Amino acid sequence: MPVANIQVSETPLVLYALRRADDALILGHRLSEWCGHAPMLEEDMALSNIALDLIGQARELYTYAAKAEGKDNDEDKLAYLRDVRQYRNLLLVEQPNGDFAQTLVRQFFYSAFADLYWRAMMASRDTTLAAIAAKSEKESAYHLRHASEWIIRLGDGTDESHARAQAAIDHLWAFTGEMFAVDEAERALIHAGIAVDPGTLRGRWLTTLSDVAGEATLALPQNDWMQQGGRVGRHSEHLGHLLSELQSMQRTFPGQTW
Amino acid sequence: MVTVLDRDSDLRRRAWDAAASVVDPEIPVLTIADLGVLRDVVLDGDRVEVAITPTYSGCPAMNMIALEIEVALERAGFRQPKVRTVLSPAWTTDWMSEEGRSKLRDYGIAPPQASNSRRALFGEQAVACPQCGSKDTELLSEFGSTSCKALWRCKACREPFDYFKCH
């Protein structure tokens, strides 16, 4: 018996929390795929710990989205019982792990943004979002430091690691534009002082990127054509495969608990 | 009137002490009071509600801690105790008590530094070895056995050690 997808009434605030929750959950899940497979024990633990932070952030955000919606949904239903087209995450975070360089470049692009974003969100007029931001900001500072150190090590390492890191940057670049895009629903929240205008963060994000890339002897792409769609549920083929694994237990045994 | 107040403050103290006796399952030398996780104990008649704040967003110890608080309060005679999680203000390692810091050091974990050191990028921190006290130490991994710890090594006594990250 297939389990029906839940319906979510996406008011601007619900949608806003859901988008950030989906970013954190999907990226956390991707990182957790490294558990037991990372190139060394320390890194296995690091990636799993970062995954744990992100899934923790996702839980707070889902709980808040469910509360803001005020229906029958909760964090588990939002994570386990929505299908691909109902997911609102950035295309960047659902991209496959690829090699170690690709995982770390994805992490670097996201963390450099998340670090600025959560710090700015601490001033949100929405007290719950501000509280979640205060916690997430501390975590993303460590995530960014971890990713930055790896980018430098890979870029300024061997010819092989340099080539792989550069290839990952070139490949993932087109997925970074979505982080700074704003639609009408979000514009209203920005006006109300609830959300941050991500466009205002792009300059500092680029500075972080060029500082680290410079030290890593890597080049940032010049092309500015950007891929979009994740925020409205148009995803790459990869998300469906990820969800089939993430949701398989709840889909097979509906409502089961630990 | 006075007796009622005394009874209440006595009850509240008993509830606080019971909750404060709960230890972090991953660092059993620290109580949740040492950690600054225990925020408040509120009495309503004979009902007691305890407020705690999560350390890290994804800390798996929080569920365990909440359960153990309930058990400790039941044992102390409080019926149907409640545990509430408060997100704001966000927990910081600056709330860790001096006693907690020295217990950590004795346990072999370097205690957290002041929270402004978090933004020190690329090895600018100096963490003293909890074994020999030397400051000649190096970071091995930003993430240790739990998300609140990093893995360091002392270059003087050669011992690897955990550092409780500032947060």
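An open sheet with mixed pairing is formed in chain B by four strands in the order β6-β9-β8-β7. The model is a predicted one.

Q: Which strands stand at the edges of this four-stranded sheet?

A: Look for strands with a single partner. In chain B these are β6 (109–110) and β7 (137–141), so each has one side without a neighbour in the sheet.

Q: In which sense do β6(B) and β9 of chain B pair, and over how many bridges?

A: Read the strand directions, then the bridges. β6(B) and β9 (residues 160–164) of chain B are parallel, with two bridges between them. Within this pair, B:Ala110 is found opposite B:Tyr163 of β9(B).

Q: What is the strand order in the open sheet of three strands?

A: The order is β3-β4-β5 in chain B, and here the pairing is mixed. The edge strands are β3 (38–44) and β5 (82–85) of chain B, each of which pairs on one side only. From one strand to the next, the twist averages 20°.

Q: How many bridges join β4 of chain B to β5(B)?

A: Strand β4 (residues 47–52) of chain B is joined to β5(B) by four bridges, and the two run parallel. As for residue positions, B:Val50 faces B:Val83, which belongs to β5(B).

Q: Which helix lies across β4 and β5 of chain B?

A: To place a helix on a sheet, take the strands it lies across and its angle to one of them. Here helix α3 (residues 61–75) of chain B lies across those two strands, and its direction makes an angle of about 150° with β4(B).

Q: Which residues of helix α10 of chain A are buried?

A: For a helix, list the buried residues and then ask where they sit around the axis. In α10 (residues 237–246) of chain A, the buried residues are A:Leu239, A:Leu242 and A:Leu243. They lie on the same side of α10(A), because the arc they cover around the axis is only 100°.

Q: What is exposed on the other side of α10(A)?

A: There, A:Glu237, A:Ser244 and A:Glu245 are exposed.

Q: What covers the buried residues of α10(A)?

A: The cover includes two elements of chain A, α1 (12–32) and α4 (91–94).

Q: How many residues of chain B are in contact with chain A?

A: Interface size is often expressed as the accessible area lost when the parts come together. Counted by contacts, 20 residues of chain B meet 24 residues of chain A.

Notes: Residues are numbered from 1 along each chain as its sequence is written. Chains are lettered from A and ligands numbered from 1 in the order in which they are written. This is a predicted model: local features need pLDDT of at least 70, side-chain atom pairs count only at pLDDT 80 or more; totals for chains, interfaces and linings use all residues. Two strands pair if DSSP finds at least two bridges between them. Axes are lines fitted to C-alpha atoms, for helices over the stretch in contact, and angles run from 0 to 180 degrees between N-to-C directions. Two residues are in contact if their C-beta atoms, placed from the backbone, lie within 7 Å. A residue is buried if 20 or more other C-beta atoms lie within 10 Å of its own, exposed if 12 or fewer, and partly exposed in between; C-beta atoms are placed from the backbone. The arc is that of the directions from the helix axis to the C-beta atoms.
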